[in-house]
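Subject: Model handover

Dear colleague,

Here is the model that we discussed handing over to you. Please look through the sequence and coordinates first, and then read the notes that follow.

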Number of protein chains: 2
Amino acid sequence: WADQERLKWFDRFPAKAQKTVTKSVWGLSRHSAGMMVRFKTDADTIHAKWKVTSSRLGMAHMPPSGVSGLDLYARDGKGKWRWAAATRPSKQEMQVVLLRGIAPGLREYALYLPLYNGTESLEVGVPKGAKFERLAPRKAKPLIFYGTSITHGACASRPGITHPAILGRWFDMPVINIGFSGNGKMHKEVGDLMIEVDAAAYIIDCLPNMNAAMVTERCVPLVKQLRKARPDTPIVLVEDRRFPNSWLVPSKSKFH
Amino acid sequence: WADQERLKWFDRFPAKAQKTVTKSVWGLSRHSAGMMVRFKTDADTIHAKWKVTSSRLGMAHMPPSGVSGLDLYARDGKGKWRWAAATRPSKQEMQVVLLRGIAPGLREYALYLPLYNGTESLEVGVPKGAKFERLAPRKAKPLIFYGTSITHGACASRPGITHPAILGRWFDMPVINIGFSGNGKMHKEVGDLMIEVDAAAYIIDCLPNMNAAMVTERCVPLVKQLRKARPDTPIVLVEDRRFPNSWLVPSKSKFH
């Protein structure tokens, strides 16, 4: 969707999706979950200034560092992504030193954006005289993760430790996160958007948000829709996982 | 310290410690980290009402569920502790249904208390007619973990997933958590309190809060103090762990 108009720069879906997907999916799609910004710098200090769209910086079960924070990674000498710095948001608009005292060297960085909040604006700063190079989106095909709150990022303490972000670093591939808290339900309208992207793989991980009737109704049609439009793109169907307390509460097993 | 006077019921140290330990350690010792309440019930629903001492329910990097929440575990048919229910605190005084629809059977439960807040009061409720049995503290010797914020519980999303709590369930042994955020510094005055407890083992895990000079000054004396008072109690010295970003920020290595 890189070439399509978006309502806000850091929206996950193009503007037209507002007319097709459910209101809940649209609202959640405006969270910047899964987005990362890459740059190269030799700076010894990296600053960031960012503003989130909602004043609800954290949740009862998820800290502001994950909901509304930034999370910085850097490539080490072997080209491997390693964690560099996290943030502790306390206001809707934050200005912080992400990291200081950085060892000399021109390095690639990746900055992950807030998981359960929208990103209104973002600026990255380095000291005068330091090199700074913006990196354009990679041309490799992305992995698209369509799922639930677990995909979206619940309840990660930092944006870089959702499983799609981890897999993105492991495979060193671009990732598109379309997890929608409570609303990953194999909607055809989401499938319509997915087929527009020439993905490396479609990973469908919606079962915890669905009941048996929904799965019967929607699963095969979604797979056929993707297969028809993209005959060669791998489609990964992720198995259900149980509630860890379903041994104790029999009604929880009804979801499986 | 079970037989000694405490200022509040859920304080970790006896009242007299206020005169000997540092102000910071005393303040942090009033958090209910590591405490758990055990009971047996055959109820199909378990309620809880609790009040925390501070209105700061969460932190920028740790959610209210860990800072101020309760965390329920139950023994399964094989006697193994398994997770049952967590809470999402939104007020200083909370009243919630911890779990409903529980499978029939008389079971032992363990309820872990808030990690980074004091517990002012706690009540557990079951429906009329259900059996409910309070369980006295176990007589087995406890594991005493003396450490830093990591021991204290930073930044666990639930009180039951700190490493002392996990080890307590694995070994099925009582645990005393004396981790003090930023203030686990091998203080002799803390040693004075530790030797009063006939522990199964003393686990000393303070290095991330100390510099080299402090370690030189205090480590051997603390071990000798414990060894002199308790000739047969195992003393475990935990190795330092590095900051995960010290490869990138050389000054972080000075701590090691």
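Before the packing is described, a word on terms: contact means heavy atoms within 4.5 Å, while axes are lines fitted to C-alpha atoms, for helices over the stretch in contact, and angles run from 0 to 180 degrees between N-to-C directions. Helices (H or I, at least four residues) and strands (E, at least two) are DSSP runs, numbered from the N terminus. The model is a predicted one, in which local features need pLDDT of at least 70 and side-chain atom pairs count only at pLDDT 80 or more, whereas totals for chains, interfaces and linings use all residues. Residues are numbered from 1 along each chain as its sequence is written, chains are lettered from A and ligands numbered from 1 in the order in which they are written, and side-chain values use heavy atoms, with hydrogens and water left out.

The parallel sheet and its helices

In chain A, helix α6 (residues 212–229) lies across β9, β11 and β12, and runs at about 165° to β12(A). These strands belong to an open sheet of 4 strands in chain A, ordered β10-β9-β11-β12 and paired in parallel, where two strands count as paired if DSSP finds at least two bridges between them. The edges are held by β10 (175–179) and β12 (235–237) of chain A, each of which has a single partner strand, so one side of each is left without a neighbour in the sheet. From one strand to the next, the twist averages 15°. Helix α4 (residues 163–171) of chain A also packs on this sheet, where it touches β9, β10 and β11 (201–205) of chain A, and its direction makes about 165° with that of β9(A). Strand β9 (residues 143–147) of chain A is joined to the parallel β10(A) by 5 bridges, and Gly147(A) stands opposite Gly179(A) in β10(A).

The UniProt record (unreviewed entry) places the feature "domain: SGNH hydrolase-type esterase" at residues 141–252 of chain A; UniProt positions are given in the numbering used here, feature names are shortened, and annotations may be inferred rather than shown by experiment. That span of chain A, residues 141–252, is 34% helix and 16% strand, and its end C-alpha atoms lie 38 Å apart.

The antiparallel sheet

For residues 7–132 of chain A, UniProt (unreviewed entry) gives the feature "domain: SGNH hydrolase-type esterase N-terminal". Over residues 7–132 the chain is 9% helix and 37% strand, with the end C-alpha atoms 28 Å apart. Chain A also has an open sheet of 5 strands in the order β4-β3-β6-β1-β8, with antiparallel pairing. Here β4 (81–86) and β8 (132–134) of chain A stand at the edges with a single partner strand each, so one side of each has no neighbour in the sheet. The twist of this sheet averages 30° from one strand to the next. Strand β3 (residues 71–75) of chain A pairs with β4(A) over 5 bridges in the antiparallel sense, and Tyr73(A) has Trp83(A) in β4(A) as its bridge partner.

Local points to check

The peptide bond from Ala154(A) to Cys155(A) is cis, with omega near -10°, and Cys155(A) is found in the loop between α3 (149–152) and α4 of chain A. In chain B, the bond from Ala154(B) to Cys155(B) is cis with omega near -15°. Arg158(B) is placed in the loop between α3 (149–152) and α4 (163–171) of chain B, and its contacts, not counting residues up to four places away in sequence, include Asp71(B), Tyr73(B) and Trp83(B). Met186(A), in the loop between β10 and α5 (188–194) of chain A, has phi near 55°, a positive value in a residue other than glycine.

The two chains

The contact takes 28 residues from chain A and 28 residues from chain B. About 2200 Å² is buried between chain A and chain B, with carbon and sulfur atoms giving 68% of this area; buried area is the accessible area (1.4 Å probe) that two parts lose on being put together, summed over both.
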